[in-house]
Amino acid sequence: MNNATKFGVGAAVLRKEDDRFLRGKGQYVGDFRLPGMREVAFVRSPVAHARLKAVNVPEQFRRAVFTAADLTGVNPIVSAPPLKGFKRSAEPLLATGKIRYVGEIVAMCIADTRAEAEDIAAAVTLDLEELPAVTDMLAALEPGSPLVHEEWGDNIFIDFSENRAFDEDKVKSAPIKVSKTIRTARHCMFPMEGRGVIAYNDSRMRLLTLVTSTQFPHSVQTGLADCLGIEHGRIRIISPDVGGGFGYKGLLCREEVLLAWLTRRVDCPVRWLEDCREHLAANANCREHHYRIDGYADTDGRLIAIDCVGHVDSGAYSSYPISSAVEAAQIPNLLPGPYIFSHYRCRSAAVATNKCPIIPYRGVARTHICLAIEAVMDAIAKEAGLEPYEVRLRNMVQPEQMPYENIVGKHFDSGDHPECLRRAVDAINLRQIRERQSKPEPDGRLIGVGLSFFVEQGAHGTSVLAAWGRPIVPGYEQANVKLTADGEVEVHVGTHSHGQGHETSFAQVAHEILTVDFDKIKVYQGDTLTTPYSTATWGSRSMVHGGGAVATASRLLAKRAMQIGAWLLQADPDSVHIAEGKVVAGASSVSLRDVARAWYLQPQNLPANVDSGGLEVTAGYRAARDSGTFTYATHAAVVAVDPQTGIVEILDFVVVEDGGTLVNPMIVDGQIHGGTAQGIGTCLYEEMPFDAQGQPLASTMIDYLLPGATEIPDIRVLHMETPSPYTEFGIKGLGEGGAVGPPAAIVSAVNDALRPLGVEVHDLPLTPASILAAIDKGRTQARTAAS
Amino acid sequence: MKPAAFEFVRPASLTEAARVLGQGNGGARPVAGCQSLGPMLNLRLATPRVLVDLTGIPELAQVTDNGDSVTIGACVTTAYIEDARLPGRGLEALARIARNIAYRAVRNRGTIGGSLCHADPAADWVSTLCVFGAQCIVFSERGRRRIAADQFVLGAYENALQPGEILEAIEIPRLSARGRWGYYKVCRKAGEFASALGAVIDDEASGRLRAVIGATHGRPIVVADARTLLRQDATLDENAVLALLDRHNVSDPAARHQQVAALSRAYQQAKQA
């Protein structure tokens, strides 16, 4: 690694893409205008569970409205991983027979403007026979519950269990036993830019073309080919600037398939842009979990066993390609987290309900898994009379044990977990907070401090993901790197930035090796026609796998350039190297621009044995071990709880994170800040309540609270940098961790603040109402105890 | 989220506006800053046939100094008030309250009259104008009438305007030099509507000791003589506040805690100011 260069790996380079973003010159789906383009609005189900008897279209709109009956030759979206016992669901593109959630698409309306399309949608009426809705994942398991898919016989997509030497008789003698029950709300992902799709036929290239706001153009291409029954080669997916994804754009959407079908049918470009109401009413699709978890420990706080039952409210269908199995599968897999213990039992289930299909949000299930295990660690600390961090320290992997395989075989690649925790304890000033807590606050608020520690498996490799049973198993990432005739560098990658700054960080990788002026390196992405096939950007994988591919291709390109450069310099090819954009042989050098001109414009001057592959290389990358990288972090929070209003204010927030080698520390800080803000939202604000009929109740942003700038404290990020032994440059995946740690740390801090009142809160979000209710309950209990 | 089609008119005089609204037979709606009606149009919760934009009427943007009161045109923006452009003294509270209403972008367009007419129980102007004992000046082709602010707001999203009537201005009495005020709202995040709201003015010179509990599910709870909420030692009696909340059917436990806290804090501010 070359920390000395200003633009190479490790440099906090300003982001190339920000020039256009900050000037309002970004190009999102909504910025495309095609001649003759028409607009689409959808008729969505107003009820959660019903038999659809008829769709009534007024005669004058018959040609402008499409229903399931029109959709001939289109396959439903099926995402059924080949896991034993997984129950298949087929998501119809337009509802037919039965409706399974509010917001499910029933009809598609087309007009010259969106407003007119909405007028038409409003004129379409539905004959519905309402059915009792399944809205609670635990009630859904009771005998006699209504069924989302009758043919299943129950409401379980799949269940998982893990048992490692768990013996009830052995663990029950443990001196400390703690139990927690935790329920977390569904919420929305709320990227700044919603989904959006334009579909048109490119008659010159004979390509059905979609401009769509997606995290993975090639997976959309594959899914679309399956649904429409046409070849990959007939489909082009362009994903332009994407204003945030977080998993929300990590699936094949019904809308993408529908617009692709529609443009073929009506033979003009068609567009649909998701609006805020559609996002809220039809797409509250993440984070709803339930845990019952027991922890067993010695008197000194050493963990003996964990026993857990987890449930995920997976909604009505299985999303493509990630499937409804993933979150539930992660619970037994990731719950042990960073801790050492010897007896483990965990069962989990993905439960079908009459809600929209769940999809993995930044951090996937880890956020709530971290919340559950950390609640247990705090409870053990309380029983053992120890500081919570002390209990964690006693149960951690020591640096000399690295690499370490935990109880479920997760392979921690490197790092110093205890040091990360200690740094956070110092940075949050634990001792000072404890002193402050010994005296009442002048404003009557209660101060609390809490922390969470977690490992973040990222950049999972092919073998790990194959075991998940995905319909599309990510392979080995490729990049295409070329030197142009002007001596500039073009990089084409199949990953797709939706805010991560890949145009900058991938250019830094290319610059590190090719040393061409940073301004002359351009990264292209987001177009299936011009980039290597890739499962693209999700799961904190792009910098490790995509960055690795750019490095590999750049090295091969450097080699070819050096060969030509050596010939031009009349030097021995083995004696030259590349520096400052030149091929250098001793005291003489030739610029890569001249090398490029020699290859492209004057090839007759080159020797006959020159590599005819030229100055363009496509090469792939495979990490030395593909079990994923293991970033880890401590999040620590200081909060003030107002016991009269239930309002929580975050006074301080520290993140100490080891993401391995940081390609661009400034971008990493941004990733952590953004993730942490989302974690704060998950913990304190975001919730889509549903009524007993499955109606989502927060239909505008007045009711659905997102944290804003004023709710996010100054997040203090401290880095450790232990390179991964298995990846290019030692990079680890870290895009999600910011969103994993905050709820556990804040819940811990709030409960620390409430400790004098003898009450705790665990369900998310922590609302003023839930905090006040807990305080009331504590008072009642105290009165009962006193009388 | 596009509004259903409507006709748009922007009259230049109150008479013309009142005529158009009167002819609308309930199908015409007045609009000024469009910060409340706008979203309702987009959600198609409101589908007026005619939208009557009042911002082209010069007198609705006027501010008049009457000595011991100020008359503020209904279309004066919250940002105008926030920027302390009201003349004279004794209404500083309004600028301070304005500063915490929604976000600047909303305040730039949102008007005091629009907010009052919309009558969202959680809106700051609704509670503020009630605690100040402001008078609403209502125009119609038949003439003008005055309605006290706490009589103007009839309930959640319900005001006292009759067909063809337009809120023209609001007259707000100044506090005297020794007058004190307190205002506290409980919000989960900055700029959101309050979940509880307490407002107090204590002005011996004018004999006013008024309190308001706002952000309930109905019209503000106005206590014209707040001494009824005080103990003998002039501290706020929380039980009296709870009894008041009982009388107004505020039964949600969290809301009761927050309302008591909000009014206590507003009262403390007024005492300490």
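Author: Strand S3 (residues 65-66) of chain A and S7(A) run antiparallel and are joined by two bridges. The model is a predicted one, in which local features need pLDDT of at least 70, side-chain atom pairs count only at pLDDT 80 or more, and totals for chains, interfaces and linings use all residues. Residues are numbered from 1 along each chain as its sequence is written, while chains are lettered from A and ligands numbered from 1 in the order in which they are written.

Reader: What makes S3 and S7(A) a pair, and which residue of S7(A) is the bridge partner of A:Val65?

Author: Two strands pair if DSSP finds at least two bridges between them, and two bridges join S3 to S7(A). The partner of A:Val65 in S7(A) is A:Cys109. Strands here are DSSP runs (E, at least two residues), and helices are runs of H or I of at least four residues, numbered from the N terminus.

Reader: How many bridges does S7(A) form with strand S1 (residues 38-44) of chain A?

Author: S1 and S7(A) pair in the antiparallel sense over six bridges. Within this pairing, A:Val43 has A:Ala107 of S7(A) as its bridge partner.

Reader: Why is strand S7 (residues 105-111) of chain A called largely enclosed?

Author: A residue is buried if 20 or more other C-beta atoms, placed from the backbone, lie within 10 Å of its own; it is exposed if there are 12 or fewer, and partly exposed in between. Six of the seven residues of S7(A) are buried, so the strand is largely enclosed by the rest of the structure.

Reader: What does A:Cys109 touch?

Author: Contact requires C-beta atoms, placed from the backbone, within 7 Å. Leaving aside residues up to four places away in sequence, A:Cys109 touches A:Val40, A:Ala41, A:Val43, A:Ala64, A:Val65, A:Ala117, A:Ile120 and A:Ala121.

Reader: What makes a set of residues a nonpolar core, and how many residues has the largest one?

Author: The term denotes buried Ala, Val, Leu, Ile, Met, Phe, Trp, Tyr and Cys residues joined through C-beta atoms within 7 Å. The largest such core has 323 residues, and A:Val40, A:Cys109 and A:Val550 are among those with the most contacts inside it. Helix H14 (residues 542-569) of chain A gives the largest share of this core, 13 residues.

Reader: How do you know that the span of helix H8 (residues 366-384) of chain A is close to the expected one?

Author: The expected span is 1.5 Å times one less than the number of residues. H8(A) has 19 residues and reaches 26 Å from its first C-alpha to its last, close to the expected 27 Å. Of its 19 residues, 17 are buried, so H8(A) is largely enclosed by the rest of the structure. Just after this helix, A:Gly385 takes a positive phi of about 65 degrees.

Reader: Which domains does chain B have, and how far apart are the centres of domain 2 and domain 3 of chain B?

Author: Domain bounds come from an automatic or database domain assignment. Chain B is divided into domain 1 (7-56), domain 2 (58-173) and domain 3 (180-272). The C-alpha centres of domain 2 and domain 3 of chain B lie 21 Å apart. In their contact, 19 residues of domain 2 of chain B meet 21 residues of domain 3 of chain B.

Conventions. Contact = placed C-beta atoms within 7 Å.
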